[in-house]
Structures are given as C-alpha cells and as structure tokens.
Amino acid sequence: MYKKQMKFQRVICLLSLAASALIFIYALGMMTDLFDMLYTMIPDPTDPDSAKVAGAMIYYDMQGFNRQLLRGSIGLILLSCLLFITNTQVRRKYYIGNYVAVALNAVANVAMAVWAHGQIAAFKTQYLTTVDFAQLQRRLSRAGTYTDSTFWFDVHYFVFAVALVVVVLLILNVLWKKRLMNEETSLIEAGKAARA
C-alpha cells in the first residue's frame with residue numbers, strides 16, 4: 001500500500017509544480033490579444049482622452065493586476081519547489097515540514113484562485129462594456145489583429161480549476177499518508193506487545 005501512495009505523492013508534487021507553471025504561462029499570455037488590439041489605440045498612456053477607441057485604456061488598467069499575477073505565479077512555483085525541498089515527494093513518513101509545505105501550497109493556490117477570479121471577472125466586464133468594438137474593428141480591419149474574443153479572460157476557469165484540483169489531491173494525499181502512518185505505528189506497537 002505504501003508503494004502506491006508514494007507513487008501517488010510523487011505524481012501530485014509534480015502536478016503541483018506543473019499547475020504553478022501553467023498559471024505563470026497564463027499570466028504571460030493574458031495580455032497578448034489586448035496588446036495586439038489596444039496598445040496602438042492609446043498614443044499617450046498618461047492621457048486617457050488621447051485614446052483612439054473608447055475603452056482602450058483597459059490595456060493599461062490591467063497592467064498592475066497582470067504584474068501581481070505574474071509575481072504570484074512565481075511565488076506558487078517556489079512553494080511547489082518547497083514540496084521537493086522537504087522531500088514530500090519521496091518521504092515515507094511525513095514530518096512537520098511536509099505538513100507545512102502542503103498547507104502553504106494549498107492556502108496560496110486557493111487564495112490566488114479566488115483573488116484572480118474576482119479581478120479577471122471585473123476586467124472582463126469592463127472589457128465587454130467599455131470597449132467600442134465597432135470602432136476598433138474599423139481601425140484594425142486592415143492590420144488583421146482585431147478580435148472580440150474573451151478567450152484569455154475565460155481560460156482562467158480552466159487554469160485555476162487545475163490548481164484547485166491539485167490542492168484537493170495534495171490534501172487527500174496527506175490524509176492517506178496519515179492513515180498509513182497510523183496503521184504502521186499500530187502494527188509496530190502490536191508487534192512489541194506480542195514480544196513482551
């Protein structure tokens with residue numbers, strides 16, 4: 001039983017790292033469509049009235065959030081590495097460091113998912129309600145960069161769902177590990193009692 005559980009914990013630790021990397025990649029790609037469409041529509045970012053298309057300032061409005069998301073994703077990667085530093089992926093018995101590493105990963109991923117969802121939902125609403133898509137399409141029709149897709153806003157559901165599934169699996173792994181450790185301890189104690 002321990003062999004299956006140890007294989008499972010190794011896979012979960014790798015999945016945690018992969019989920020954090022996915023959030024990092026999402027943070028890098030999130031502004032791609034907005035950059036292609038809106039960057040040239042704002043000649044002077046310090047003057048919102050200089051925008052050639054109504055609502056184009058959302059590109060600059062999102063910069064701070066995107067920077068925080070990128071930094072947060074790097075933090076999640078480092079926390080996932082903490083699982084490996086504490087040998088959570090190979091340790092037969094868990095110690096306090098293993099529990100702390102799992103707890104930090106779980107709390108950070110859940111906090112990041114809740115915070116990011118709130119921000120992204122608000123920016124999506126701003127994007128859909130303030131950008132003048134008809135005017136934007138007229139200006140970008142020759143360049144071929146126009147899209148009214150909300151793909152980068154919507155894909156966050158998948159990205160953070162992966163992170164939350166990994167959190168659930170990390171917690172299930174800890175519970176499974178705890179049960180096996182308790183069973184092993186009771187068997188050792190029963191063996192000692194039988195010898196005495």
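Predicted model: local features only at pLDDT ≥ 70, side-chain atom pairs only at ≥ 80, totals over all residues.
Residues are numbered from 1 along each chain as its sequence is written, and side-chain values use heavy atoms, with hydrogens and water left out.

The protein contains 8 helices and 0 strands, where helices (H or I, at least four residues) and strands (E, at least two) are DSSP runs numbered from the N terminus. The radius of gyration, taken over C-alpha atoms, is compared with a globule rule of 2.2 Å times the number of residues to the power 0.38; at 24 Å it is well over the 16 Å that this rule gives for 196 residues, so the protein is more spread out than a compact globule. Further whole-protein values are tabulated here.

| Property | Value |
|---|---|
| Span of the C-alpha trace along its principal axes | about 90 × 25 × 20 Å |

Buried residues (under 20% relative accessible area, 1.4 Å probe, protein chains only) make up 36% of the 196 residues. Leaving aside residues up to four places away in sequence, A106 touches V167 and I171, contact meaning heavy atoms within 4.5 Å. The C-alpha atoms of A106 and S80, 26 residues apart along the chain, are separated by 10.0 Å.

Notes. Buried < 20%, exposed > 50% of the residue type's maximum accessible area, 1.4 Å probe, protein only.
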